[in-house]
Amino acid sequence: MLSISVTALVFGVVFLAELPDKTALAGLMLGTRYRASYVFVGVAAAFAVHVALAIAAGSVLTLLPHRVVQGVVGVLFLAGAAVLLLKKDDDEEEIKKPADQSFWKVAGAGFMLILVAEFGDLTQIMTANLAARYDDPVSVGVGAVLALWAVAGLGILGGRTLMKYVPLKLITKVAAVVMLALAGFSLYEAVAG
């Protein structure tokens, strides 16, 4: 059964963490060069693969004792917050232009770019942590996929406009604060539980 509260929480956390990531910039660059719908299909497929892998990893974590899982999840959320706060802003991907504008070439370029760039990324690790924390793979998976697709869509269609009104540093700090709160809650449960 889908939990709307878990889905909404996961959506918020993953959305905020992914916004300042290089993926939004890569989507923006691809979206300005190629048909947006083709780019989105490739990027969305790659994110679905990443979330499925993260959910599988998180499900394995649920086999451990609850206090151990909460401690590990708390430490990983702390690490994620530190990565967000300490990350440099000069992170840009080099995007190679497909030879033509066909659906398969453009979608394939988007898929491969995201598949490679996001493997083991912070949001994939966060999704695994959230899957372990809530032991609700469907709700976590739906929230994470929708968040990643939303960021990709924003990056492809409106990234430049968003960045004019909302500073990237502010988005990064908000995501880090949310992760710190989740880390604190998980560590409290590990100690008190």
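So, helices α1 and α6 are roughly antiparallel to each other, a label for axis angles over 145 degrees, with under 35 counting as roughly parallel, 65 to 115 as roughly perpendicular and the rest as oblique. Before I go on, a word on what we're looking at: this is a predicted model, where local features need pLDDT of at least 70 and side-chain atom pairs count only at pLDDT 80 or more, while totals for chains, interfaces and linings use all residues. Residues are numbered from 1 along each chain as its sequence is written, and side-chain values use heavy atoms, leaving out hydrogens and water.

Back to that pair. Two packed helices are described by the angle between their axes and the distance between the axes. Here, α1 covers residues 4–18 and α6 covers residues 122–134; their axes come within 10 Å and cross at roughly 160°. Those axes are lines fitted to C-alpha atoms over the stretch in contact, and the angles run from 0 to 180 degrees between N-to-C directions. The crossing of α1 past α6 is right-handed, meaning the near helix is turned clockwise from the far one by less than a right angle.

Who actually touches whom? On the α1 side you have Val6, Leu9, Val10, Val13, Val14, Ala17 and Glu18, and on the α6 side Thr123, Met126, Thr127, Leu130 and Tyr134. Contact means heavy atoms within 4.5 Å. Sorted by class, that's 9 nonpolar, 2 polar and 1 charged residues.

Let me pick out alanine 17, which sits in α1. Alanine 17 is buried, at 4% relative accessible area; buried is under 20%, exposed is over 50%, and partly exposed is in between, with a 1.4 Å probe and protein chains only.

Now over to methionine 112, in helix α5, residues 103–117. Buried or partly exposed? Methionine 112 counts as partly exposed, at 44% relative accessibility.

Zooming out, the chain has 8 helices and 0 strands; helices are DSSP runs of H or I with at least four residues, strands are E runs of at least two, and both are numbered from the N terminus. Of its 193 residues, 45% count as buried. Among contacts with a separation of 6 or more, 93% join residues 24 or more positions apart.

How values were computed: Ala, Val, Leu, Ile, Met, Phe, Trp, Tyr, Cys and Pro count as nonpolar, Asp, Glu, Lys and Arg as charged, and the others, Gly among them, as polar.
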